[in-house]
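Please read the following note beside the sequence and the three-dimensional view. The points are numbered so that each can be checked in turn.

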Amino acid sequence: MSRRLLHGTFASAVLALSGCAALHGPQSSAMGNGVESALIGRLFDAFLWVAVAVYLFVLAYLALAARRGRLNRQRGDGIQGEPPGGAEPGWHLGLVTFASVTALILFGLALATWFTDRAIARSAAGKAISVEVIGHQWWWEVRYHDPVAGRELRTANELVIPAGANVKVSLSSPDVIHSLWIPNLAGKQDLIPGRTSDLNLKVPRPGEFRAQCAEFCGLQHAKMALPVSVKGPADFAGWYNAGLATPPIPTGGLAFAGYSLFIGRQCASCHNIAGTPASGQVAPDLSHIASRKTIAAGALPMSTANLDRWIADPQGVKPGNQMPQVPLTDAERGAVVAYLETLK
Amino acid sequence: MSDGKASERTYLRDGPDLTGAPLHDKLLATWQDRPGFWGWAGSVDHKSIGRRYLVTAFVFLSLGGVLALLMRSQLASSNLHLLGPDRYNQIFTMHGTTMMFLFAVPVMDAMAIYLVPLMVGTRNLAFPRLNAFSWWMYVAGGSMLWIAFVLNVGPDAGWFSYVPLAGPEFSPGKRVDFWAQMVTFTEVAALAVAVSITATILKGRAPGMTLARTPLFVWAMLVVSLMVIFSMPAIALASAMLMADRMVGTQFFNSYEYGDSLLWQHMFWFFGHPEVYIIFLPATGFVSEIVQTFTGRQVFGHTAVVLSLVATGLLAFGLWVHHMFATGLPRMGYAFYTAASMAVSVPSGIQIFCWLATIWTGRPRFTLPMLWVVAFIVTFVLGGLTGVMLASVPVDLQVHDTFFVVAHFHYVLIGGAVFPLLGAITYWFPKFTGRMMNERVGRIAFWIAVPAFHLTFFPMHFLGIMGMPRRVYTYPGGMGWDTLNLVASIGAFVFAAGVVVFIGNVLWSARNGEPAGDDPWGAPGLEWATTSPPQPYNFPHQPVVLDATPLWNPERAVARGLRVEDREVVLTTVFEARPDLREPSPVPTLWPMIAAAATTVLFVSSIFAPWAVVIGSVPVAIALIAWFWPKDRSHEGEPVVD
């Protein structure tokens, strides 16, 4: 009975460990794409192997104890009732040894933790690019601070950083507590109203990743994702300059009709589009919406059909979010979508 | 024992002249509850209250379990629409709140209320009326929360209610108020029980039951009760501050008005982490008792186990910040909490070492309760090891608030507390009901529940590592999470089936089980020295304890001389358990129920109008004054034992 239980546990443990190899993904902490996540991954592995060893020791001890106890029972020996005081010196020594070894192992793990912490801190030293991420219910505002005047860039629901550089992300929130977690790159950090905290990123190679809010932040906590793109330095500069450019106002056709609707209807009171009268600050900046990969903080992949669906029924796609349903005819909505798609 | 002053009237006492059936009749007349509803409602018998506490806790377990199944149905695959976000958020909040506040803590209280007086060999708890009051408060608080939930005003800010999300601006309406007030109810109930248990253990132990001879479950409950007394005030204060922020415009947690949102987290976890050990330590007590009985020997390292309980109780208060590693507090401070969080695994390790050494050197019988102990070790150790991982700040920053943590604490709470609890119920079932639980059906339940538990929660470790956050009502496809979630959902339903078989076995066996004698397992504790189920007066004569395993000692001793026509118990000294006083024990009364009703009116109406606190306190005061109305004992002699 207890033996069957032990065998079952052992088999599943082996199965589980072999499963570790398949933890890949755009949002996986086992990937180690960033300097910090790689260091944490190494530490995690150390903890994991110690845990496996300790677990196997306990299982073996349990199995042997059960076996030995059973033998005692069959033979009618073993201790019964209350053992006389101090009659088990061997076991007392065993207990002291066990406790000491446990303490030593823990001390080793604490040291490993400390060194990893130091290594992470060291990796972030030096000149850094400064990015501000502000968590809102339920989207991400992103600001790039450049010491050169006029080169401050604002965007939303996308984080683009250069490979190989130190990036210092400062985090804050005007409403509730959020947490920025890019598992492939680094550990998570909370965004707390009234405080700012920092997250340091350093990613050796370009890649596409996904971040998600990790602190429960209300109704749509589940749909608060942030696509993260790590670009080579040249690509990053290209993206940055494109982001600084004012998108051209359409001169005619469907896109112009859409532009007029955007400015004339409710849209402009919440959203900002650079170079236009639309300068609302309470909703995501749409100056280059068409270049993003997702709509509404990862709620939908970017496509013409999805833009249309989102504008037609924002409360159906992401119930409870702050975007109201603006009354537009199908044709009007088509025009707005056509305009938004020019905002590359 | 003498009769005190000579002028005093003489009382009928048990002794060589009054024993056996005549004594039984007299004691029954003194200690029995009156029949009918009012007799039940006014009962101050710890067994009656313990039983109803236990049944209530299992009702809440079932309700919380249904919520878990709803969540697992919603998460079985990506992009499901079984539940909307609003309903889902209420459900996960209710699941956590119900399981932590309305099941896990009360169920351990329930076992202690029933067992502690029997295990220490006394007739009733200290402060039995307070204990009766506590059950009414618990039922009222739990019912209020569930009624609110059914009416769609269930809390939806998580069982931890982090501000500012739970504050007035981001959670308008009454949902969070019901949560905060439910906390008030349960903390009153838990504090009342803790006080009763502490006093019973310190002063009510049978003569001769020195602290060194006190059973390990009783030790665990002493530590736990003291932990409740020290940790509950933090949450009491925090929930009162939250209510004040929400209702009367204070700004304790509003960082834009010089408040601080992290203050809530400190106060919540200063209670919330000890809470985990408040649930876990009684379970270690169950394990110690079960292992002792079924190995036929005293637990190896009795002193080491007691010291481990105490050490865990102390360390538990130094760990709360490990719930807050991602908040960006100073790194230097984190190191302390990492060390403390790791250190707390040492006493748990010592306990496991001692239990296994006991099995090794004893003559174990692998009965059903022992099987649950084995499942406990196999499961809990895994949860403990992932706990060590979570103590490491960098590792925690990755897996914090993910399904890895969900896996971790279900391993610790179900593996560490519920498995021993199910073992304990199987073990003490004959004492509770006078009948044995069906072994065959019990084994079926065991073999369904334990593997299904692992099937449910083991995959969640991987989900967490693969980036799945907690508390999401849905998730997109293409993340590699679908299969593991489906496995977990299937496991959850099978696990629930196992628990249903267990509960079915309890219900069936209570009526149809094989009759059990006083001591069906050959156990050494005092609770087995009386009938199954125990008589209302517990023991005909006051037991006297000569060693740590009294029923294994061929020599039995009792003391005589307690009054039989009045409720009277013996009080002993705290350390040596020398007879100290004869103390009258309260008779049944409806005042605790009335006081609880008045308090309930105050608490519930204060959700809707702050002035209810002032006006509602008048009936509460009246009820308490009536409850504590002084009794004239001037005609009686001083109840002193020579």
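The points below treat confidence, the contact between the chains, the sheets, a helix pair and some backbone details.

1. Basis of the note. This is a predicted model, in which local features need pLDDT of at least 70 and side-chain atom pairs count only at pLDDT 80 or more, while totals for chains, interfaces and linings use all residues. Residues are numbered from 1 along each chain as its sequence is written, and chains are lettered from A and ligands numbered from 1 in the order in which they are written.

2. Confidence in the model. The model scores ipTM 0.94 and pTM 0.95. The term pLDDT denotes the predictor's confidence in each residue, from 0 to 100. Chain A has a mean pLDDT of 91, with 92% of its residues at 70 or more; chain B has a mean of 94, with 97% of its residues at 70 or more.

3. Confidence by element. Helices (H or I, at least four residues) and strands (E, at least two) are DSSP runs, numbered from the N terminus. In chain B the lowest mean among the elements, 89, belongs to helix α10 (residues 331-343), and the highest, 98, to helix α3 (residues 46-74).

4. A stretch to read with care. Over residues 1-7 of chain B, pLDDT stays under 50. The model has ten contacts beyond four places in sequence for this stretch, where two residues are in contact if their C-beta atoms, placed from the backbone, lie within 7 Å.

5. The contact between the chains. Chain B contributes 83 residues and chain A contributes 78 residues. On the side of chain B that touches chain A, the elements that give two or more residues include α4 (85-120), α8 (261-295) and α12 (368-391) of chain B. The largest share of that side, twelve residues, is supplied by α11(B). By class, the side of chain B that touches chain A has 52 nonpolar, 24 polar and seven charged residues. Here Ala, Val, Leu, Ile, Met, Phe, Trp, Tyr, Cys and Pro count as nonpolar, Asp, Glu, Lys and Arg as charged, and the others, Gly among them, as polar.

6. One sheet of chain A. Five strands, in the order β3-β2-β1-β5-β8 of chain A, form an open sheet with mixed pairing; two strands pair if DSSP finds at least two bridges between them. Its edge strands, β3 (153-156) and β8 (197-202) of chain A, each pair on one side only. The twist averages 25° from one strand to the next. Strand β5 (residues 166-172) of chain A pairs with β8(A) in the antiparallel sense over six bridges, and Val167(A) stands opposite Leu201(A) in β8(A).

7. Another sheet of chain A. An open sheet of mixed pairing is formed by five strands in the order β4-β10-β9-β6-β7 of chain A. At its edges are β4 (159-162) and β7 (189-191) of chain A, each of which pairs on one side only. Strand β6 (residues 178-181) of chain A runs antiparallel to β7(A), to which three bridges join it; Ser179(A) has Asp190(A) in β7(A) as its bridge partner. Helix α4 (residues 233-244) of chain A lies across β4 and β10 (225-231) of chain A, at about 135° to β4(A). Axes are lines fitted to C-alpha atoms, for helices over the stretch in contact, and angles run from 0 to 180 degrees between N-to-C directions.

8. A helix pair in chain B. How do α14 and α15 of chain B cross? The axes of helix α14 (residues 403-433) and helix α15 (residues 439-465) of chain B come within 7 Å and cross at roughly 165°. The two helices are therefore roughly antiparallel to each other; angles under 35 degrees count as roughly parallel, over 145 as roughly antiparallel, 65 to 115 as roughly perpendicular and the rest as oblique. The contact of α14(B) with α15(B) has 13 nonpolar, five polar and no charged residues.

9. Backbone details in chain B. Most residues other than glycine have a negative phi, and most peptide bonds are trans. A cis peptide bond joins Val163(B) and Pro164(B), with omega about 0°, and Pro164(B) is in the loop between α5 (128-150) and α6 (175-203) of chain B. Asn152(B), in the loop between α5 and α6 of chain B, has a positive phi of about 65° although it is not a glycine. The peptide bond from Ser532(B) to Pro533(B) is also cis, with omega near -15°.
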